[in-house]
Amino acid sequence: MCGIIGYVGYRDVVSVILSGLTNLEYRGYDSAGIAIRDDGEIKIYKTLGKLINLKNELEANRAQIHNPTSGIGHIRWATHGSPSIINAHPHTCTCGRLVVVHNGIIENYKELREKLVAKGCKFKSQTDTEVIAHLVADEFGQTKDLELAVRNSVKKLQGAYAVCVMHKDVPDLIVGARKHAPMLVGVGNGENFIASDTPALIEYTKRTIYLEDNEIAVVTKDKVKITDINGNEVAKRIEVLPWEPVALSKLGYKHFMLKEIHEQPDVIRNVLNGKLYDIEQPIILGEVKLNKEILKSLNKIQIIACGTSLHAALAGKYLIEDFSGISVEVEASSEYIYRKSTTDSSTLVIGVSQSGETADTITAIKQAKEKNAHVLIITNRPDSNMARLADSLIPLNAGIEVSVAATKSYIAQLISFYLFAIHLAEIKGSLDKGYLKNIKHELIQLPTKIEEVLSDTSVIQSCARKFSSYKNFIYIARGINLSTALEGALKLKEISYINATGYAAGELKHGPIAMLDETMPVLSILIPGGITYEKVLSNCEEAKARNAKLIALTSSTDKKLDNIFDVVIRIPQVTEILSPAITCVPLQLLAYYIAEFLGKDVDQPRNLAKSVTVE
Ligand code: G6P
């Protein structure tokens, strides 16, 4: 959701900004723009739609671009004002000498806009962002100091912002500021960068400085200065990014989503690495600070998350309750923050987030901290805002996930919940040691079993082809795989735009069964040996009696299933409690192949953003 890169240095400014924006593309956007300083002028180019349009626009104007020395670029995901060239960033002040790009939402923009209009400012767009351009220009008119003008202006802003500003009269200097939206500086030699996220920088530098809320960065080619909101210089640590540029390559796969699905066995190995190395030994979660004392006073656990992470949370609830007997509530962050919560100092609050930047989850976590709850964050971004709020942390180590539809981060979240639930059981002594050893053994076997699923996807592909023309799907399961049914249906919705709904199988007859006929395929998850198999099978028979087409996802080898179901997708044998870590994979693939057959934009589905940084 929106992305920023700014650059001052000796390289081809346009190429650096375009490649930075390309590496942020996965976040989701609807328009793009760039402002460069060239021949002492500020030149702006903006286009609607994908970055290729901006590239073409710049190519078409090549004769006008000579030797730019600095610039800022932006991809926009519309919040205020429709996607259009006028609403695309960068925005300018009335005279056009000052340019601004912005991520976030300025909540008091209407009131500021009225004041600025009264002062004579001429607004061109419907965005909240444009007030920043006029506000800073107004301050600059009085102070002639861009850093001070930005500082004075941001003090008047309410809401969230990561903002970059350039001015025609202050050559090759970018001022950045942030509050409740990520921003970092990339440090180079004879060049410096500023961006909203690390992938924008990784091709050029791994040395970064993360800005905190209310900090202001002044970036020139030779210097980076960070100050607080009062203008005091802040000594910041340079951190070295752990990722290589190759993480942003498709490595021969047609889409990032397919590559990331195939990375999952190694992702599991990474998550387990150093935490579970010997089934005889307890799980090691170095950054989880829950000891026996804290656990004794623990009343309940609340897990807060959005989207795919919320489905991992639901699986986590089943696991934690099953393994430790501690009561767990799961809630969408957007719901948690607008009701009277029962969180208190004897609650453990777990925030789950791939990005660590989801605005609703951050707000929820802040609320939980205000109530003195112990906060555990499970995230793929240990450098994120959410991780910084954590009392305890489980880093996912899944590597950067580029496809908007989450896959490998989901499996890493599931595995983290297995490890955490076992960890709790080990501290509490709530499970039989032999049983725990078996679970640990099976966890270690998971990557090999998933490799088996990935080695032959022919049944899934033919199922995708057969069902790609259907407009509605129902996914059903019971027990821990309810989370898989919900997540499988979400994957299909997200990337193919087909209406798919996940239900607890037992709920089918309480309403959804009214929709069943030959146009509504029912996909069910059936894991034999567990407590739900026969029940789900009965629910499938009920659906068949209403002429619904049936797809089974099962570890059963029972040939009888081939007579009942139209398609049977088989997975290796697995204990029911561990099965979500395998059942999710064929459902990711099914969604992928259906979307691919339908010719959809798999990696960047319409209207979606990878990281939703506004509430
Ligand atoms: C967006 C993405 C989803 C993701 C959700 C939560 O809506 O499109 O794929 O599951 O945000 O993101 P998080 O980073 O908090 O896991």
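How many nonpolar, polar and charged residues does the shell around the ligand have? Select everything near the ligand (a heavy atom within 4 Å) and you'll get 4 nonpolar, 7 polar and 2 charged residues, with Gly counted as polar.

Before moving on: this is a predicted model, where local features need pLDDT of at least 70 and side-chain atom pairs pLDDT 80 or more, while totals for chains, interfaces and linings use all residues. Numbering starts from 1 along each chain, and side-chain values use heavy atoms, leaving out hydrogens and water.

Now show polar contacts (N or O pairs within 3.5 Å). Oxygen atoms of the ligand sit 2.6 Å from a side-chain N or O of Ser353, 2.7 Å from a polar backbone atom of Gln354 and 2.5 Å from a polar side-chain atom of Thr358. The protein covers 90% of the 390 Å² of accessible area the ligand has on its own (Shrake-Rupley, 1.4 Å probe). Colour helix H9 (residues 307-324) next: its 3 residues are the largest share of the shell.

Next stop, strand S23 (residues 550-554): 5 of its 5 residues are buried, so the rest of the structure largely encloses it. Buried means under 20% relative accessible area (1.4 Å probe, protein chains only). Leu550, Ala552 and Thr554 are on one side, Ile551 and Leu553 on the other.

Strand S22 (residues 522-526) runs parallel to S23 with 5 bridges, Ser524 partnering Ala552. Pairing takes at least two DSSP bridges.

Terms used
Polar contact = N/O pair within 3.5 Å; in protein donor to acceptor, adjacent residues only side chain to side chain. Helix = DSSP H or I, 4+ residues; strand = E, 2+ residues; numbered from the N terminus. Buried < 20%, exposed > 50% of the residue type's maximum accessible area, 1.4 Å probe, protein only.
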